[in-house]
Amino acid sequence: MSNLKPDELSKINYMPPEEDWMSVSVQMRKGMYCHGASENSLKTVGFPNPRKWSSAEADWKLPDNWQEIVLKGMAERLEKYRSFHIFMDICVRCGACADKCHFFLGTGDPKNMPVLRAELLRSVYRREFTTAGKILGKIAGARELTEDVLKEWWYYFFQCTECRRCSVFCPYGIDTAEITMIARELLNLLGLNIEWIAGPVANCYMKGNHLGLEPHTITSSVEFLLDEIEEITGIKIEPTFNRKGAEILFVTPSGDLFADPGTYTCMGYLMLFHELGLDYTWSTYASEGGNFGSFTSNEMGKRLNSKIYAEAKRLGVKWILGGECGHMWRVLNQYMDTWNGPADFLQVPVSPITGTVFENAASTKMVHISEFTADLLKHNKLEIDPSRNDHYKVTFHDSCNPSRGMGLLEEPRYIINKVCNNFFEMPENTIREKTFCCGSGSGLNASENMELRLRGGFPRANAVKHVKNKYDVNMLACICAIDRAALTTLMDYWVPGVKVIGVTELLANALKMKGENDRDTDLRGEPLSGAEDGDAKEDSEDV
């Protein structure tokens, strides 16, 4: 946590500096950046320039020809990605995006305005790739690529969560997140990443998941959750792992297996699939839904994405069901077909319970758990008691990637309204496509950059505080593993008393399973609504 109290951290100075932005050198302020990528992580995936270095030191141990490497990389990407070339040229600096970024709103730093963050890269583009920039220099908004400029890139492009809220408001349709992705690619050509991305990428490349879990660790973790479910419901569940011939491969973020509150969401998946008698299997090899490679380079994202499809092919499943994850779904919907697809060896997903054909997944062959569950509820295939969630007053955080990246807006709300009696929306300009980021997306969920995380999450927290004060909301639901981790810290700091929950956990609380015991607690061991009175009555009688 930050050493600053919330009332101190929320005092933000929006007054721009008197100097021109090009004249203001970057200041590496502790708490606002993550540790640099380690030598071992870079070596594991064969990235350039692996060495011991620190971003806090003056010497970043760059190759002698580092400028040549970066400018050649930029030229190659201008040739390869038409969108990058267009985004470099068409911005008129209208400023429509300026006050839409959570990092600008939380820090007041002008270089966190999306327009100016992109200008850090555009200024070098103009100097090296436009006639006006070569002739007029600074007058045309151009500048040379110096070591100070490179450090500025590293500092600010790793202060962007690629949430794309700014792109919703851009009248020219510029996707500033894609500019950040290209800038990070260029930095990676010199071995300039952060360890919170490079480490998970190396783990996923070697072990199949971000946490580096071995197959037996994955199964033992799930077995622990199965014991918890049996204690609560009396039902023994026996899922399968790596089973060839199963109809469905289930993939979820590895964070769901180990970190609360994600583990409760994972228990919800297990309970739902058991109740349906679903013919599915887990893979201990493609055991990660998320894709930190996409925060590094398109090539690295492609390499990590391919493991899911390779495993689906090896197991001979018909289609893939995905858990509550964020960037997994943006990768699947916006990049997978270009990188590794279409996955023609799989079938168009059909729900074995309702017969619904998920035509929206005709190319990806992968269905989101919220789509799958909402369809079940619409066809009355589950027995639900929403009063079991009456101890919760719930609001919903649209996770950036599923909402803006794939348009998954109504399905989670449909589920929540079916399984909860107390649901309250945050203000309209903070939800759906206009949702605010958790402040920790795109690999920024470390502990050393906690001040940045708290500042970046300030706009989201403000909206939650609004519904807490107005409706006494005490639970924030979401459909992303990073959100569940990041928002928990965020709520503890800015909005104490509000906890975080996955939508599938809410469903599992309300799910009346065939043969279950009389349940008196939710998945967290908290008394269900009404059970507290019973306990109190028993206690009174005992006295």
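## A phenylalanine and its ring partners

Phe250 is buried, with a relative accessible area of 2%, where buried means under 20% relative accessible area, exposed over 50% and partly exposed in between (1.4 Å probe, protein chains only). The model is a predicted one, in which local features need pLDDT of at least 70 and side-chain atom pairs count only at pLDDT 80 or more, while totals for chains, interfaces and linings use all residues. Residues are numbered from 1 along each chain as its sequence is written, and side-chain values use heavy atoms, with hydrogens and water left out.

The ring of Phe250 takes part in two of the pairs described here, tabulated below with the distance of the centres and the angle of the planes. Rings of Phe, Tyr and Trp (its six-membered ring) pair if their centres lie within 6.5 Å, and planes under 30 degrees apart count as stacked, over 60 as edge-to-face and the rest as tilted.

| Pair | Distance of centres | Angle of planes | Class |
|---|---|---|---|
| Phe250 and Phe273 | 5.0 Å | 75 degrees | edge-to-face |
| Phe250 and Trp282 | 5.2 Å | 85 degrees | edge-to-face |

Phe250 lies in strand E1 and Trp282 in strand E2 (residues 280-282), so this pair ties together parts that are 32 residues apart in sequence; helices (H or I, at least four residues) and strands (E, at least two) are DSSP runs, numbered from the N terminus. Trp282 is buried, as is Phe250, and Phe273 also counts as buried, at 1% relative accessibility. The structure holds 21 aromatic pairs, and one aromatic cluster is formed by Tyr33, Trp53, Trp60, Trp154, Tyr155, Tyr156 and Phe158.

Arg453, in helix H21 (residues 450-456), is buried with a relative accessible area of 7%. Leaving aside neighbours within four places in sequence, Arg453 is in contact (heavy atoms within 4.5 Å) with several residues, among them Cys438, Ser440, Asn445 and Ala486. Although Arg453 and Ala486 are 33 residues apart along the chain, their C-alpha atoms are separated by 8.3 Å.

Thr504, found in helix H24 (residues 503-510), counts as buried at 4% relative accessibility. Not counting residues up to four places away in sequence, Thr504 touches Thr265, Gly268, Tyr269, Glu324 and Ile369.

## Backbone features in loops

A cis peptide bond with omega of about 5 degrees joins Asp260 and Pro261, and Pro261 lies in the loop between helix H13 (255-258) and H14. Another cis peptide bond, with omega of about -5 degrees, joins Gly341 and Pro342, the latter being found in the loop between helix H17 (336-339) and strand E4 (366-368).

Phi of Ser442 is near 50 degrees, a positive value in a residue other than glycine; Ser442 has its place in the loop between helix H20 (410-419) and H21 and is buried, with a relative accessible area of 4%.

## The chain as a whole

The protein chain contains 25 helices and seven strands, and buried residues make up 60% of its 543 residues. Its C-alpha trace spans about 85 × 55 × 40 Å along the principal axes. Among contacts between residues at least 6 apart in sequence, 78% join residues at least 24 apart.
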